[in-house]
Amino acid sequence: MYNSLLDSPANYNAGIYIRLSQEDKNKKYESDSESVMNQRQILLNYINSNGFKYVAEYVDDGYSGTNFDRPGFKKMIEDINDKKINLVIVKDLSRLGRDHVNTGYYMERFFPENRVRFISIMESYDSARNQASNDSSTFIVACNDYYSKQNSNKIRDVLHSKKSNGKFIGSLPSYGYMRDPEDKGHLIPNPETAPTVKKIFQWYVDGVGISEIVTRLNDANVPTPSGYKDTKLSIRLQNKDEWTISSVRKILKNRIYTGDMVQNVQTKINYKTKKKITLDKSLWIIVEDTHEALVDKETFQSVQDKPPKITRTKTPREKRLFENLIFCKECGNFLTVAYRRNHDYWSVNCNRYARDPKRRRCEPHFFPYNYLEEQLLKQVTKTLKQYIKELDIEYVNNKVGSLINTRNNVELDYQELCREKERLTRRLKQVYDDKLDGLLTSDSYKLMSAPIEKNLSKIKKEITKIENSKNQIKSQKNKIPDYTDKIRELLNTNNISRDLLFAIIDKIEIDQYRNVEIKYKFNLIKKDVFKYKDPEGPRNPYGSRGK
């Protein structure tokens, strides 16, 4: 027994854990005892007959027992750490897991250390009782692991044989194909998407660039590969309904469209992990002419041999005075300053909008740059002259003093966070040492270290934020007096430099309606707001050289 206080069944807050793998789903059991519904009934009946207090159930439907990266299991561990349950009940040991190292760790170390009673009904295992049936648990767990390994090897052999015979064994066929209803391992053209693949190849052979192909497909609202398959998006994909250069290029490089089956490009490291590695091309399994081609081999090869489009190298030029200081108010991107060679003048536009105007990812901010520069200089000069005229030395000194007081308060928070960082680092090292000593497998280490690393990452960000704040305070303390000198220098010079402007101005934001907002450094000067106006007369009186 763990504690005399827990002798009474009523003192146990029970959580039932249910797991059903994909393999179990495909089996036909006489009693159907492996289904989620029947596991639940068996466990609830056990709780009622023994007088335990039912708290929660944790279900992983369709998850392998060879690793512990399962949402239901992780939620159960979280509730154990939060002291919500102190009893875990499973139908049999294989439900907890089939990996003997991880399963053994939770049974022999994690549950006891967290004062959690563990019961497996079918094996009559009860960690709170000293009984002979508990001794066989190690052997049963090892057998479950061995079964998983053997089963995995058999499945791999079957799949490898199918690949070698040119049978498709993937989950979803490539865009343009579908499974043959009469033979699931055979691919046939998909009448909805195959014409798009053929069109892409034909356009490219006719000299249409990939970027233009993307535009044509999007303008015609052609379904994308990810959108058509309704696949889950990775972090890199923000919109599955839009074609990209990457998605078109992937189709142009896929040999499957020639009628050849290409498989075994990736493989799992072993049966205990989902992580895959890309194999060397010599290990790929390629079977020719297994299905109808969407493009002939000669055309496909000509596409692969086509030299990449040569891009012009930009000639270095001197930056315009306010370049890299002006931003789009709507999306936050730089407003690009570019020379319009055909019309001999400089222009401004939103970088995000200009890259893809047809899809209007932002709003246009197109207007002549030189007039903008003239109006910005006029406004900045006017504001700075007023600042110097009304400059209050006492105010500047008070500003420096307030920064010092702020720094003292920040220092206290900083020290407390550093102490917490050291504590979590020691805890993470302890878990890592357990992994090195063989007490934890990689899966268990990930499960145990994840919440620690999450908190540690949060604290590190807070520390970095405070360090940046401390550096900023220190910088401002030193630079505020110098700031006024820079303003005087700018007002007293006939040649205003970019360095002086960057020393005084934080950023300039312009919206689609040409409202301009000038933000100054250190908040010592209130921001300027005015509206840009196109003056009358010629568009660009300065020509390509500017003023």
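The model is predicted, so local features need pLDDT of at least 70 and side-chain atom pairs count only at pLDDT 80 or more, while totals for chains, interfaces and linings use all residues. Residues are numbered from 1 along each chain as its sequence is written, and side-chain values use heavy atoms, with hydrogens and water left out.

The protein chain holds 17 helices and 18 strands. Both are DSSP runs numbered from the N terminus: helices are H or I with at least four residues, and strands are E with at least two. Of the 547 residues in the chain, 39% are buried. Buried means under 20% relative accessible area, exposed means over 50%, and partly exposed lies in between (1.4 Å probe, protein chains only). Contacts were also sorted by separation in sequence. A contact means heavy atoms within 4.5 Å. Among contacts between residues at least 6 apart in sequence, 65% join residues at least 24 apart.

Helix α3 spans residues 71–81, and its buried residues are G72, F73, M76, I77, D79 and I80. These residues lie on the same side of α3, because they cover an arc of only 160 degrees around the axis. The arc is that of the directions from the helix axis to the C-beta atoms. An α-helix has 3.6 residues a turn, so residues three or four places apart point the same way. Just after α3, K83 has a positive phi of about 65 degrees.

Helix α8 covers residues 194–205, 12 residues in all. From first C-alpha to last, α8 reaches 17 Å, close to the 16 Å expected at 1.5 Å a residue. The expected span is 1.5 Å times one less than the number of residues. Buried in α8 are A194, T196, V197, I200, F201, W203 and Y204. The buried residues of α8 pack against β7 (183–189), α9 (210–219), α11 (245–252) and α12 (297–305). Just after α8, G207 takes a positive phi of about 100 degrees.

Charged side chains were considered next. Side chains of opposite charge can pair when their charged atoms come close. A salt bridge is a side-chain nitrogen of Lys or Arg within 4 Å of a carboxyl oxygen of Asp or Glu. The whole structure contains 23 salt bridges. D92 bridges to K91 at 2.8 Å, N to O, and to R95 at 3.7 Å. K91 counts as buried because its relative accessibility is 4%. Both R95 and D92 are buried too. R255 and D260 form a salt bridge at 3.0 Å. Here R255 is partly exposed at 29% relative accessibility, whereas D260 is buried at 1%. K329, K507, E509, E517, K519 and K527 are linked in a network of salt bridges.

E123 sits in the loop between β4 (117–120) and β5 (125–126). E123 is buried yet has no salt bridge. The nearest side chain of opposite charge, K91, is 7.4 Å away. Lys and Arg count as positive and Asp and Glu as negative, with His and the chain ends not counted. A polar atom of the E123 side chain lies 3.2 Å from the backbone nitrogen of L93.

Most residues other than glycine have a negative phi. S124, in the loop between β4 and β5, has a positive phi near 55 degrees. S124 is partly exposed, with a relative accessible area of 42%. N324 lies in the loop between α12 and β12 (326–328). Its phi is near 75 degrees, also positive. N324 is partly exposed at 26%.

Conventions
A polar contact is a pair of N or O atoms within 3.5 Å; within protein, one must be able to donate a hydrogen and the other to accept it, and residues adjacent in sequence count only if both atoms are side-chain atoms.
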